[in-house]
Structure formats: structure tokens, C-alpha cells
Amino acid sequence: MMVLSTRKLQRFFDRVRSNKVFEMFVVAVILFSAVMIGVNSYALDARVASAMEMLDLAITLFFLIELSVRFLGEPQKRAFFRQGWNVFDTLIVTVSLVPVDESELALLGRLIRIFRVLRMVSIVPELRVLVNSLLRALPQLGYVCLLMFIIFYIYAAIGTSLFASVNPMLWGDIAVSLLTLFRIMTFEDWTDVMYETISAGFGWSWIYYLSFIFLTAFAFLNMIIGIVVKVLEDEHQRERNALKATHEGPVEPNLYDIQLQLV
């Protein structure tokens, strides 16, 4: 009887956490929590500030209940903490229980309450797919970023050697040159930098700027976009395959197939 009652409770909590109305309500609470973070940045009346503290406590308790429902609805309790998003939610909710007062942990408590907005990612499946795709793309993006840094470094060394006398604020050393090249890559008044070196006697310097922009802003950034899109498509396909396998389940062999195997 005890095992049967436990299974009924597990199925009940599983239906609750899978209910679309419950999921939408959780999303609404997260959005309301984000609005409260913005409101708290203003100077508030004492009564309003007290009401906001009560609402913050209620939101924290709701998140604790919601996390408990998800945990109790999990058929295999150990598998719950094998998922990174569940660990993230548990950490955020647990640290949110730290009282926000004048203690040394007050700043940490406030910061964690800001990060509660990130729980939107763990609740909305589409956002989880996007974040998982970015994480899976990091190894490939790392090599592209490394190659981009090499190009940055070469151009920064050339710019420092040639244009340091033109404007030391932009080309005085290699660190400043890297910042200037980042400004050029983002097209932030890059023509002013180019015209300054051209007017200083480096009439061919347009080749320097255009070649750098072509390599970074066009070639490498498009490579990064291509990698992210490819990984995103793979992640969507993986989600579709997992959903299909969940609905179909294992296919049992029929009697004819068993007879063939025996023969």
C-alpha cells in the first residue's frame, strides 16, 4: 500500500509539472520577479519597500515549492540531479533563501536574486535548446576565436610599428592597438582612424584596414555564425529524435520474426 501511494503521488506531481498552465504560471512568476528587480533599483517609499520584501519572500517560497514538485514528479530521483539545469535551479533557489539584510551575505543574496531571471532558460524548452547549442559549439568556436586572435595580434603589431607616431592614444602599444582594432571590427568610427593615418602620409593604409575588416568582420564572424547554426540544427534534430523515441518506445518483435531467428 505504501509503494502504491508513493507511485500515485509521483504520478500526480509529474502531471502537475508537465501541465502547461503550471509552466506558464512559473514563467509569469519569473517575469514578475524580473520586474521587481527593476523596480527595486528606484528609490521607494518605506511601505512599498516593505511590500516588495514580502513579495520577494513569497516568490522565493514559490520557487522552492515548484522545485520540490519537479523533484517529487521525477520517477528516478537520482537522475534529477544528473541534469545540469536542475542543478542550476537548485543552486539558485537554495542561495535565494539567504536573508537579504545587513549581513555580509546580503550582497550575495541580492546578486542571486538577479540571476533568478535565468531560470527562464531552464523552464522554456526552446531557450534550453539555444543555450545547449551554444555550449556544444564552444569547442569549435574556440579554434575560430584563437585564429581570430592571431590575426588581431599580427595586425596590432603592424599597427603599433607603423602608426604609433600618428596617434599614440590609438596605436601606442600592442594592447591599445588591439582595442583600436576591435573598434574597427565593430565599425565604430573606423573611417576616422583610417583617414587620420592616410592624412599622416600613409596613403596605402586603406589596404591595412580593409583587409583586416574583410578577415574579421566578414570571414571569421560568418564562420562563427555558420558553426552556431549548424550546431543548433543538430540540437533540434537530437531533440526531435529523443521525443520520437519517447513516444514510440521499444518495438517488440512479432511471432514471425522470432520464428525466423530460431530457424
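S205 is found in helix 12 (residues 205–248), helices being DSSP runs of H or I with at least four residues, numbered from the N terminus. The structure is a predicted model, in which local features need pLDDT of at least 70, side-chain atom pairs count only at pLDDT 80 or more, and totals for chains, interfaces and linings use all residues. Residues are numbered from 1 along each chain as its sequence is written, and side-chain values use heavy atoms, with hydrogens and water left out.

S205 has a relative accessible area of 0% and is therefore buried (buried, under 20%; exposed, over 50%; partly exposed, in between; 1.4 Å probe, protein chains only). Apart from residues up to four places away in sequence, S205 touches F163, M194, T197 and I198, contact meaning heavy atoms within 4.5 Å. With T197, the side chain of S205 forms a polar contact of 3.0 Å; such a contact is a pair of N or O atoms within 3.5 Å, where within protein one must be able to donate a hydrogen and the other to accept it, and residues adjacent in sequence count only if both atoms are side-chain atoms.

The loop between helix 10 (174–185) and helix 11 (190–199) contains F187, and D189 is placed in the loop between these helices as well. Phi is near 60° in F187 and near 55° in D189, a positive value in a residue other than glycine in each case. Most residues other than glycine have a negative phi. F187 is partly exposed, with a relative accessible area of 40%; for D189, likewise partly exposed, the value is 41%.

The axes of helix 3 (residues 46–72) and helix 5 (residues 84–96) come within 10 Å and cross at roughly 145°, where axes are lines fitted to C-alpha atoms over the stretch in contact and angles run from 0 to 180 degrees between N-to-C directions. Helix 3 contributes T60, F63, L64, L67 and R70 to the contact, and helix 5 contributes N86, D89, T90, V93 and S96.

Buried residues make up 29% of the 263 residues. Of the contacts between residues at least 6 apart in sequence, 63% join residues at least 24 apart. The accessible surface comes to about 17,500 Å², with 69% belonging to carbon and sulfur atoms, as given by the Shrake-Rupley method with a 1.4 Å probe.

Conventions
Helices (H or I, at least four residues) and strands (E, at least two) are DSSP runs, numbered from the N terminus.
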